Amino acid sequence: MYAAITRPLARGDRTQRRWFDGSSTARAVAKLVKPSRTLRPVERVEIYNRMYWFRILDSMAQDFPGLKALLGDEKFWPLVERYLAANPSRSFTLRDLGSRFEKFITREPKLLAPYFEAACDMVRFEWSQIVAFDGPSRPRLTKRQLAGVDPGKLRIALQPYLSILTCRYPVDEYVLALKHDGALRAEASNAVAERVEAKQAVGLLERGSVLHIAVHRVDNQLYYKRLEPEAARLLRALRAGRTLVEACAVAFSRSKKDEPEQAETIQRWFSLWTRLGWLCAQE
Amino acid sequence: MPANQHNGYTEYGIGLGLRVPHYRHILANKPTCAWFEIISENFMVDGGRPLEVLDAILEQYQVVQHGVSMYFGSAGKPDRTQLRRLKNLVKRTKTPWLSDHLCWGSVDGSYSHDLLPMPYTREAAIRTAEKIRYVRDFLEVPICVENVSSYMEFHASEMTEWEFLTEVVERADCGILLDVNNIYVSSRNHGFDPMKYIEAVPHHRVGQMHIAGHTKFEKYILDTHDHPVLDPVWKLYARATELCGVTATLLEWDDKIPSFDEVHAEALKANQFIDEARAATVQHDRN
């Protein structure tokens, strides 16, 4: 019965007419389900079959409104349907429904042509918003914890809800243009729908130079912040477990800044990141 | 009867489902509301805005947890990670009781995110009751199971839905969240007398009631929670209140949600039936 309910719908949002073994679905279902005064067994199962697909498709559309606007309905719905057919929910909450979407689409360039790279950027960007919305946080790093510690031995962690993305497309500008009233995500997966004005935003998404975007939250509101390349490298190195000295070396390995300039830049960044609450002690 | 072991011996009155479109109004204006029912899964998260909202609500209001994913009727033991998250939330909200549905919806770790009707067999009742006991023992909080609305019935069923509900709750020694709208919807879809259902369930186990609106289609009724409560459902509610006593009641309005005041006013219509039930009890005692 579960397979019948979760089976992809046929054309016209109808239950598939053929059962798994090629026989009639109506006949197969009638062995399990009673008819009502007004509905045949297969029609009763179809109610659940539709509700299943409408619910999970709608959940994906709410979680990936930027991708939907980018691809348009004609490409978005078949893509999401294929993803969900291959990756049924493995979590008690719809919040996690899109957790394997990025992995899925990277294997499906044909389905996304000609937007493959832009779509990959968008999916990572929109999933990182879900993480930033309700991901865990840890106590912020305090000045006292930093004082007197040898930078050569100091390892600093980043908040689990913070994502550092590298994108070739300005997905942040695109999504901001799609927001109806500037309100950010309200409730991941079970979210209230955000109205999108796709036509206004389409022109913004053209491939450009590499962008580094931090997706984070402050006072439980979502924000995106573009980062200098060196800052992104430094944060990634910290997240990878490098010491502060090692991370700074990685960050400026390709930089033309002299040492005093680097020191001033690092100080400025850490001052900002501390205020934003991005830094925490390693566990 | 209203305050019983199944609702933690509370008398909560008429509550509302806590929904996103009302957050701003509730947090800013702190309107009077006896209690809020939260969907547990919306708050079984690690941090961020959902928990901030919840904590603000908990400072002002009584909260009861209602779940949609425990699937007491699914085969297999409940997921321990899910249970641990739920228990953390129970500790946070101090919910006096917790409800979820008498249904199935997951198979081998895959989730339908729907409330699927069960075949009403003795074997299913035994297995379901065991699972309810397991969850209750883990969470250490009274549990009420809710009857779902349904659109299909199985040949394998050996009893009526109300007999099955009774069998399960007696075996599990748990409470009932009696959803009178669901009874009405299912009665129309399956062709049974909803009053018979209301009269047959063990009234002393009813810890909470749900009321809601539904939508009529040509061939069936859908449980949409997007309308005011319709008259036939109020009639069932009146009878249920008469039989069970004044019970914590919750209006569900989940789609096309109007203003908080409008939803609250709709819920408070239940007072009329509660007053009538109280008057009938007084009259009965005098006689």
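Reader: Let's start with H8(A). How many of the 19 residues of H8(A) are buried?
Author: 17 of the 19 are buried, so H8(A) is largely enclosed by the rest of the structure. Keep in mind that this is a predicted model.

Reader: Where does H8(A) run, and what length does it reach?
Author: H8(A) covers residues 116–134 of chain A. From its first C-alpha to its last it reaches 28 Å, close to the 27 Å expected at 1.5 Å a residue.

Reader: What does H8(A) give to the largest nonpolar core?
Author: The largest nonpolar core has 146 residues. H8(A) gives the most to this core, with eleven residues.

Reader: Which residues have the most contacts inside that core?
Author: They are A:Ala119, B:Val145 and B:Val180.

Reader: Take A:Ala119. What is it in contact with, leaving aside neighbours within four places in sequence?
Author: A:Ala119 is in contact with A:Leu67, A:Leu70, A:Leu71, A:Ile105 and A:Leu112.

Reader: Which residues does the cis peptide bond join?
Author: It joins A:Ala113 and A:Pro114, with omega about 0°. A:Pro114 sits in the loop between helix H7 (109–112) and H8 of chain A. As background, most peptide bonds are trans.

Reader: Staying in chain A, is A:Leu158 buried or exposed?
Author: Buried, because 20 other C-beta atoms lie within 10 Å of A:Leu158, and the cut-off for buried is 20 or more. A:Leu158 lies in strand S1 (residues 156–158) of chain A.

Reader: And what is A:Leu158 in contact with, beyond four places in sequence?
Author: A:Leu235, A:Leu238, A:Arg239, A:Trp278 and A:Leu279.

Reader: What about A:Arg17? How many Å apart are A:Leu158 and A:Arg17?
Author: They are 52 Å apart in space, C-alpha to C-alpha. In sequence, 141 residues separate A:Leu158 from A:Arg17.

Reader: New topic. How many residues of chain B are in contact with chain A?
Author: 33 residues of chain B are in contact with 37 residues of chain A.

Reader: Which elements of chain B give two or more residues to that side?
Author: Helix H2 (40–43), helix H3 (49–60), strand S6 (110–116) and helix H7 (180–190) of chain B. The largest share comes from S6(B), with six residues.

Reader: What classes of residue are on that side of chain B?
Author: Twelve are nonpolar, 13 are polar and eight are charged.

Reader: Now the strands of chain B. Which way do the residues of S12(B) point?
Author: S12(B) holds residues 249–252. B:Thr249 and B:Leu251 point one way, while B:Leu250 and B:Glu252 point the other way. All are buried.

Reader: Which strands pair with S12(B)?
Author: S1 (residues 14–17) of chain B runs parallel to S12(B), joined by three bridges. There, B:Leu16 has B:Leu251 as its bridge partner. S9 (residues 206–212) of chain B also pairs with S12(B) in the parallel sense, over four bridges. In that pairing, B:His210 stands opposite B:Leu250.

Reader: How many residues of S9(B) are buried?
Author: Seven of the seven, so S9(B) is largely enclosed by the rest of the structure.

Reader: What does S8 of chain B do with S9(B)?
Author: S8 (residues 175–179) pairs with S9(B) in the parallel sense over four bridges. B:Ile176 stands opposite B:Val206 there.

Reader: Next, H9(B). Which of its residues are buried?
Author: B:Val233, B:Leu236, B:Tyr237, B:Ala240, B:Thr241 and B:Cys244. Seen down the axis of H9(B), the buried residues fall within an arc of 135°, so they line one face of the helix.

Reader: Why would residues three or four places apart point the same way?
Author: An α-helix has 3.6 residues a turn, so residues at that spacing point the same way.

Reader: What comes just after H9(B)?
Author: B:Gly245, with a positive phi of about 90°.

Reader: Which residue other than glycine has a positive phi near 55°?
Author: B:His225. It lies in the loop between strand S11 (221–222) and H9 of chain B. B:His225 is buried, with 20 other C-beta atoms within 10 Å.

Reader: And what is the phi of B:Lys30?
Author: It is positive, about 45°, although B:Lys30 is not a glycine. B:Lys30 is in the loop between helix H1 (23–29) and strand S2 (36–39) of chain B. B:Lys30 counts as partly exposed, with 13 C-beta neighbours inside 10 Å.

Key. Residues are numbered from 1 along each chain as its sequence is written. Chains are lettered from A and ligands numbered from 1 in the order in which they are written. This is a predicted model: local features need pLDDT of at least 70, side-chain atom pairs count only at pLDDT 80 or more; totals for chains, interfaces and linings use all residues. A residue is buried if 20 or more other C-beta atoms lie within 10 Å of its own, exposed if 12 or fewer, and partly exposed in between; C-beta atoms are placed from the backbone. Two strands pair if DSSP finds at least two bridges between them. Two residues are in contact if their C-beta atoms, placed from the backbone, lie within 7 Å. Ala, Val, Leu, Ile, Met, Phe, Trp, Tyr, Cys and Pro count as nonpolar, Asp, Glu, Lys and Arg as charged, and the others, Gly among them, as polar. The expected span of a helix is 1.5 Å times one less than its number of residues. The arc is that of the directions from the helix axis to the C-beta atoms. A nonpolar core is a set of buried Ala, Val, Leu, Ile, Met, Phe, Trp, Tyr and Cys residues joined through C-beta atoms within 7 Å.
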